[in-house]
Amino acid sequence: MERDFNFNVLDVIRNRWSSRSFKKKQFTLNDILPLIEAARYAPSAYNEQPWFFLISVTRQENEKVIDVLSESNKLWAENASAFIIILARKNFSHNNSFNRWHFFDAGTSFGFLALEAENRGIAVHPMAGFNHDLLIKNFKISGDYDPVTVIAVGYRDIPDVLPEKIRINEKPGLRNALSSIYKKIEDI
Ligand SMILES: Cc1cc2nc3c(=O)[nH]c(=O)nc-3n(C[C@H](O)[C@H](O)[C@H](O)COP(=O)(O)O)c2cc1C
């Protein structure tokens, strides 16, 4: 099965997908900062901008990140060039009340980051498969923040470089039909 598009959407939306194979290439902070810049311009409730990004590019930093990943993610993510951990601040800064949109806004920032990455030929793959408590401990995350996702970053490589058991899944994810995900309000 191939991906299908009913309308012409931006090329970066059409072409982005969560690949798992990465070329061996050292990244620097400067390779990552344009992605954070894009994330920074995501909209957020009350313009709270609850996101915070931990960036890893050196081998030592990357090993620390890989340590907190699930075993199934370690299989492929150990070849990523860099990682970005997204954190979301739980409370509003203006009155310290709970910000129920903090995850939504952090997710939006990932969307912006991912499309900017695609625009630059960089592949990003978000992960929920990490040890939440270990990440909080190892990276000294304050209780004010929730870890949202760990993102593997690199230049996409051919599937052949992956271990055989995960190679067959190395293709863009499919989607539910457009007609199945909306309803006109008058039809409720
Ligand atoms: C919040 C979030 C968590 C995810 N966690 C994982 C993960 O732990 N491991 C993994 O291989 N992919 C993970 N993915 C990638 C999804 O499986 C992928 O986005 C989905 O299958 C759609 O495919 P596509 O991104 O190629 O379009 C995650 C994606 C999101 C948005």
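A residue is buried if 20 or more other C-beta atoms lie within 10 Å of its own, exposed if 12 or fewer, and partly exposed in between, with C-beta atoms placed from the backbone. This is a predicted model: local features need pLDDT of at least 70, side-chain atom pairs count only at pLDDT 80 or more, and totals for chains, interfaces and linings use all residues. Residues are numbered from 1 along each chain, as its sequence is written. Helices (H or I, at least four residues) and strands (E, at least two) are DSSP runs, numbered from the N terminus.

**View 1. G143 and D144 in the loop between α6 and β4.** The loop joins α6 (132–138) to β4 (145–154) in the numbering. Is G143 buried or exposed? G143 counts as exposed, because it has 7 C-beta neighbours inside 10 Å. From G143 to A77 the C-alpha distance is 27 Å, and the two are 66 residues apart in sequence. D144 has 13 C-beta neighbours inside 10 Å, so D144 counts as partly exposed. D144 touches R89, K90 and N91, not counting residues up to four places away in sequence. Touching here means that the C-beta atoms, placed from the backbone, lie within 7 Å. The C-alpha atoms of D144 and F5 are separated by 41 Å, with the residues 139 apart along the chain.

**View 2. S81 in the loop between α4 and β2.** α4 covers 71–77 and β2 covers 82–89. S81 is buried, because 22 other C-beta atoms lie within 10 Å. Which residues does S81 contact, leaving aside its neighbours within four places in sequence? They are F22, K25, Q26, F27, V153 and G154. S81 and Y155 are 74 residues apart in sequence, yet their C-alpha atoms are 7.9 Å apart in space.

**View 3. Y46 and Q49 in the loop between α2 and β1.** Most residues other than glycine have a negative phi. Y46 is not a glycine, but its phi is positive, about 60 degrees. Q49 is also a residue other than glycine, and its phi is positive, near 50 degrees. β1 spans 51–56. Y46 counts as partly exposed, because it has 13 C-beta neighbours inside 10 Å. Q49 has 18 such neighbours inside 10 Å, so Q49 counts as partly exposed.

**View 4. The packing of helices α2 and α5.** Two packed helices are described by the angle between their axes and the distance between the axes. α2 (residues 29–40) and α5 (residues 102–119) pack at about 135 degrees, with axes 7 Å apart. That makes α2 oblique to α5. Axes are lines fitted to C-alpha atoms, for helices over the stretch in contact, and angles run from 0 to 180 degrees between N-to-C directions. Angles under 35 degrees count as roughly parallel, over 145 as roughly antiparallel, 65 to 115 as roughly perpendicular and the rest as oblique. Where do the helices meet? P34, L35, A38 and A39 in α2 meet S109, F112, L113, E116 and A117 in α5. The residues of this contact divide into 7 nonpolar, 1 polar and 1 charged. Ala, Val, Leu, Ile, Met, Phe, Trp, Tyr, Cys and Pro count as nonpolar, Asp, Glu, Lys and Arg as charged, and the others, Gly among them, as polar.

Technical notes
Contact = placed C-beta atoms within 7 Å.
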